[in-house]
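Hello,

Here is the structure I promised to pass on. Please open it and keep it beside you while you read my notes below.

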Amino acid sequence: DGCGHTVLGPESGTLASINYPRTSPNSTVCEWEIRVKPGQRVQLKFGDLDIDGSDSCHSSYLRVHNGIGPNRTEIGKYCGFDFQMDGLITSKSNEVTVQFMSGIHTSGRGFLAAYSTTDKSDLITCLDIASHFSEPEFNKYCPAGCVIPFADISGTIPHGYRDSSSLCMAGVHAGVVSNTLGGQINVVISKGIPYYEGSLANNVTSKVGPLSTSLFTFKTSGCYGTLGMESGVIPDSHITSSSILEWPNQTGQVNIWKPENARLKRTGPPWAAFINDEHQWLQIDLNKEKKITGIITTGSTLAEHYYYVSAYRILYSDDAQKWTVYREPGMGKDKIFQGNTELYQEVRNNFIPPIIARFFRINPVKWHQKIAMKVELLGCQFSIGRAPKITLTPPPQNKNDEKNADFMDDFIHSVKTSLQTDKTTFTPEIKNTTVTPSVTKDVALAAVLVPVLVMVFTTLILILVCAWHWRNRKKKTEGTYDLPYWDRAGWWKGMKQFFPTKSTEHEETPVRYSSSEISHLRPREVPKMLQTESAEYAQPLVGGIVGTLHQRSTFKPEEGKEASYADLDPYNSPVQEVYHAYAEPLPVTGPEYATPIIMDMSSHPSTPLGAPSISTFKAAGNQAPPLVGMCNKLLPRTDSTSSAQALYDIPKGQLGPGSADQLVYQVPQSVAHPTVSKDE
């Protein structure tokens with residue numbers, strides 16, 4: 001009485017203790033005898049083992065034996081809370097006995113284990129979930145019997161399943177493996193989605209699930225396209241039934257729920273049988289043999305008529321005369337498929353292995369109020385027109401005739417399903433994979449053209465950028481006053497007002513000649529003041545050597561009518577508020593040089609040649625250039641009447657009066673001197 005969930009398949013299965021995963025009852029025992037095909041061996045994997053081991057596995061334990069019966073030999077005895085065993089237990093023959101014993105205990109879930117033949121090296125249990133594996137894609141073998149009430153899944157196809165879902169139970173829900181047979185699954189992990197839908201498929205209910213970091217889907221053959229009920233590819237004349245419901249409504253109009261109304265997602269009434277018994281059927285002619293992998297059904301979809309089919313059988317035929325009831329391989333009875341639980345929900349069932357037939361018939365066995373349904377078939381085209389005929393020697397007539405007939409049916413069905421198939425020409429609605437389809441020739445051609453086009457456009461862009469930079473660089477290398485695209489003088493005059501005031505720290509400032517500011521300084525202080533307020537541009541030479549000019553040009557481009565030196569007294573005019581950026585050219589009509597100084601050298605003592613002099617010209621390095629000589633006494637201008645007279649040195653580089661061509665005049669000196677009478 002200690003046996004719990006148990007499914008023993010021909011190649012794999014699942015077994016668990018009673019009441020798992022809750023605490024197992026006291027003083028219970030159960031034995032499982034497992035047999036596989038001769039020549040094969042059995043491997044056992046624990047999904048969970050939680051047995052009280054306080055008495056060293058004396059009263060509560062799980063024991064595994066080689067063989068069955070009194071000649072069996074013990075492989076191992078296991079107990080303990082949360083016992084972990086990563087490896088597999090392997091038998092020496094094709095038979096194994098598993099024995100569970102529980103004594104007096106207060107806790108312990110018992111155990112859940114899976115088995116398979118040893119050729120399934122990637123065996124997992126029904127408790128394994130996707131988050132247990134780190135690979136983005138992997139293959140595993142699911143044992144039979146993984147539709148268990150204590151495991152949950154969230155999601156559906158084609159969107160995927162939440163990563164917390166049982167892999168094998170989700171595989172059954174998706175139609176990838178059979179619960180009675182088990183099978184191989186190819187899992188693909190991808191990024192999760194915010195919401196997972198719930199649905200009913202293959203007797204497994206998927207629940208609604210919240211956001212998860214990842215999800216998984218299954219790779220399949222892709223033979224899950226719709227076969228034409230909803231789209232209308234199957235004509236009305238190919239949809240027939242055993243009976244049709246006809247009844248008048250309140251207005252006296254007769255309602256006929258014909259078999260052609262049994263198209264999934266079509267508005268209006270469904271097909272309904274006039275008689276409600278187990279002999280009613282809905283038949284679909286596919287026009288030729290096709291590979292049928294599944295079916296989707298709904299109820300009436302009319303709220304005022306709460307009708308639906310809750311269970312049905314499937315029959316198929318090649319000629320609509322001889323019908324075969326669908327059975328799972330190795331099973332001696334017809335398979336009953338779970339139908340709808342209400343009138344709106346779509347319920348899917350898959351055929352593993354698929355059905356190869358032209359005529360398809362649905363036989364309801366359970367219903368709610370009335371037999372009414374809408375249907376869609378899933379599958380794909382079948383490449384061979386008909387399955388080959390198989391001739392078998394009639395078995396001897398004995399009491400095993402019925403078993404032999406069942407064997408022949410299963411054998412013929414298995415031969416049909418082993419034939420190669422092609423995919424459907426219709427767009428599949430249900431897909432169990434997120435893997436990108438195989439690359440076609442068009443994709444390969446695009447893979448070559450796209451990089452070439454990208455390189456061509458990139459080259460054009462680089463050429464345009466280089467041309468633009470070259471054009472700008474050429475503009476910068478043009479002459480300062482050679483502006484080819486606009487009026488030079490007008491443009492310069494408009495832009496002068498926006499130039500910032502030049503800093504005295506980095507730029508030179510013009511010298512201001514003011515007699516009143518210089519007259520009160522001592523002779524030695526004049527050079528310091530003049531050097532502090534350095535000239536922005538080199539002062540023009542009155543006469544002398546051109547090499548003493550500053551490196552900057554003293555002339556600017558010609559402009560409009562402006563004040564010139566001819567209009568102002570270059571020495572007595574007040575200080576100007578706005579200075580030109582360049583020295584103004586001397587007017588042709590005005591005097592080229594300042595008024596010459598007339599000095600009486602008779603009253604001046606001679607000065608040595610090496611005496612220092614004060615100059616208004618600033619040499620490189622902010623040092624005043626040395627002069628050849630200077631005079632101690634100066635004569636005032638002949639026409640000056642001011643008490644503060646501007647006095648001048650004798651010409652630079654001369655011991656006395658010399659030629660006017662060689663005169664370079666110095667800054668006025670504010671030194672006291674005796675008054676000299678004007679020479680007539």
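**Salt bridges and a surface patch**

Arg109 and Asp48 join their side chains in a salt bridge, with 2.9 Å from N to O. This pair connects distant parts of the chain, 61 residues apart. Arg109 sits in the loop between strand 8 (95-102) and strand 9 (110-117), while Asp48 belongs to strand 4 (residues 42-50). Keep in mind that this is a predicted model.

Are the two partners buried or exposed? Asp48 is buried, because its relative accessible area is 13% and buried means under 20%. Arg109 is partly exposed, at 26%. The pair also belongs to a network of salt bridges that links Asp48, Asp50, Asp82 and Arg109.

How many salt bridges does the whole structure hold? A search finds 17. Among them is the one between Arg72 and Glu31, whose closest N and O atoms are 3.4 Å apart. Arg72 lies in the loop between strand 5 (61-66) and strand 6 (73-78), and Glu31 in strand 3 (residues 28-35), so the bridge ties together parts 41 residues apart in sequence. Arg72 is partly exposed, with 26% relative accessible area. Glu31 is partly exposed too, at 38%.

Another salt bridge pairs Arg35 with Glu33. Their closest N and O atoms are 4.0 Å apart. Arg35 is partly exposed at 48%, and Glu33 is partly exposed at 40%.

Val456 is in helix 3 (residues 441-476). Val456 is partly exposed, with 42% relative accessibility.

Best wishes

Methods:
Residues numbered from 1 in each chain as written. Predicted model: local features only at pLDDT ≥ 70, side-chain atom pairs only at ≥ 80, totals over all residues. Heavy atoms only, no water. Helix = DSSP H or I, 4+ residues; strand = E, 2+ residues; numbered from the N terminus. Buried < 20%, exposed > 50% of the residue type's maximum accessible area, 1.4 Å probe, protein only.
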